[in-house]
Amino acid sequence: MSKKPLIGITGDFRPEQKESQALSWFFTGYYDSVTDAGGIPVMMPPLADDDDLKQFLEQLDGLILSGCALDLDPIRLGFEKHPASRAMPLRREDFDRRVCTMAMEMKMPLLAIGSGMQLMNVISGGTLHQHVTEDVPGAMYHRDGVEANLRHIINIEPGTRVDKMYGPGEIRVNSQHHMSVKYVSKMFTVSATAPDGVIEAIEVPDEDWFCVGVQWHPQNHSASALDMQVFENFLSACEEPEPQILQMPVRKAA
């Protein structure tokens with residue numbers, strides 16, 4: 001019986017506040033999606049020591065860099081902070097940067113979701129739009145303060161991993177972001193865009209390394225049944241190939 005792949009999942013973090021302790025948490029959709037796709041989810045705390053983090057990653061078969069309702073720190077990205085921007089806690093962003101960098105150096109199978117895709121692009125040399133509706137001419141709504149189940153069409157590039165995940169036909173994904181990828185790192189190719197040109201998915205064009213980022217949230221309650229194929233394809237890339245059993249030639253009696 002083959003072992004199920006162990007999949008690390010980064011979590012959310014809230015620092016200590018006046019009347020409450022520091023807190024880490026994980027949205028159910030991430031670990032349920034991994035389980036449903038045939039893996040064993042492993043929750044990752046924001047470890048402070050790089051040696052500990054490397055040892056942790058070496059036990060895993062793949063990594064999911066989860067999204068966040070908050071943003072990458074715009075000041076850190078060289079922006080003047082927009083009124084719509086709300087920076088995630090420093091410990092969360094610092095850990096995500098470290099774990100993503102280390103996983104990419106190890107060429108681990110990696111699925112980056114939402115702000116996780118944005119961060120993966122940034123640490124690889126790409127840039128972001130801070131506020132899509134102002135930065136992209138003719139931009140459509142990508143986040144709605146009232147409608148939690150906002151969805152839109154995406155245009156998928158033929159021949160990409162994302163194309164293999166979803167197949168032909170009209171694909172709609174959920175949308176709840178106001179930052180987005182601007183210039184794509186040279187190590188990635190664009191695999192999906194929204195009708196207004198906003199980049200919705202990126203991937204490393206290497207058949208031997210699953211490294212994909214999606215701006216939508218395939219683990220969310222507003223995802224479609226098709227979105228489960230994102231996790232199924234990712235888990236498939238994380239599985240160890242079955243060992244080849246060599247048949248010894250039968251020696252005929254003299």
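Which residues does histidine 142 touch, not counting residues up to four places away in sequence? The views below come from a predicted model, and the first of them takes up this question.

**View 1. Histidine 142 and its surroundings.** Histidine 142 sits in the loop between α5 (132-135) and β8 (151-156). Leaving aside residues up to four places away in sequence, histidine 142 touches Val132, Leu150, His152, Ser175, Gln176, His177, Ala194, Asp196, Val198 and Glu200. The relative accessible area of histidine 142 is 1%, and since buried means under 20%, this residue counts as buried. One of the listed neighbours, Glu200, leads us to the next view, as strand β12 covers residues 199-203.

**View 2. Strand β12 and its two partners.** Here we follow β12 with a neighbouring strand on each pairing. Strand β11 (residues 189-193) runs antiparallel to β12, and 4 bridges join them. Alanine 192 has alanine 201 as its bridge partner in β12. Strand β13 (residues 211-214) also pairs with β12 in the antiparallel sense, over 3 bridges. For isoleucine 202, the bridge partner in β13 is glycine 213. With 5 of its 5 residues buried, β12 is largely enclosed by the rest of the structure.

**View 3. The hairpin of β11 and β12.** Please look now at the link between these two strands. The hairpin has 5 residues between the strands. Among them is glycine 197, whose phi is positive, near 95°.

View 4. Helix α4 spans residues 115-123 and is mostly covered, with 8 of its 9 residues buried. The buried set consists of Ser115, Gly116, Met117, Gln118, Leu119, Met120, Asn121 and Val122. In an α-helix there are 3.6 residues a turn, so residues three or four places apart point the same way. Following α4 comes glycine 125, which takes a positive phi near 105°.

**View 5. Lysine 107 in its loop.** Lysine 107 belongs to the loop between α3 (90-105) and β6 (110-113). What makes this backbone position worth a close-up is its phi, near 55°: a positive value in a residue other than glycine.

**View 6. Asparagine 220 and isoleucine 113.** The loop between β13 and α7 (228-238) holds asparagine 220. At a relative accessible area of 29%, asparagine 220 is partly exposed. Along the chain, asparagine 220 and isoleucine 113 are 107 residues apart, while 11 Å separates their C-alpha atoms.

**View 7. The whole chain, for orientation.** Buried residues account for 46% of the 254 residues. Of the contacts between residues at least 6 apart in sequence, 67% join residues at least 24 apart.

**View 8. Surface and charge.** The accessible surface of the protein chain is about 13700 Å², and 52% of that belongs to carbon and sulfur atoms. How many positive and negative side chains does the protein chain have? There are 22 positive and 36 negative ones, with the centres of the two sets 3 Å apart.

Notes:
Residues numbered from 1 in each chain as written. Predicted model: local features only at pLDDT ≥ 70, side-chain atom pairs only at ≥ 80, totals over all residues. Heavy atoms only, no water. Buried < 20%, exposed > 50% of the residue type's maximum accessible area, 1.4 Å probe, protein only. Pairing = 2+ DSSP bridges. Contact = heavy atoms within 4.5 Å. Areas by Shrake-Rupley, 256 points an atom, 1.4 Å probe, with all protein chains shown as cover. Lys, Arg positive; Asp, Glu negative; His and termini not counted. Charge placed at Lys NZ, Arg CZ, Asp CG, Glu CD.
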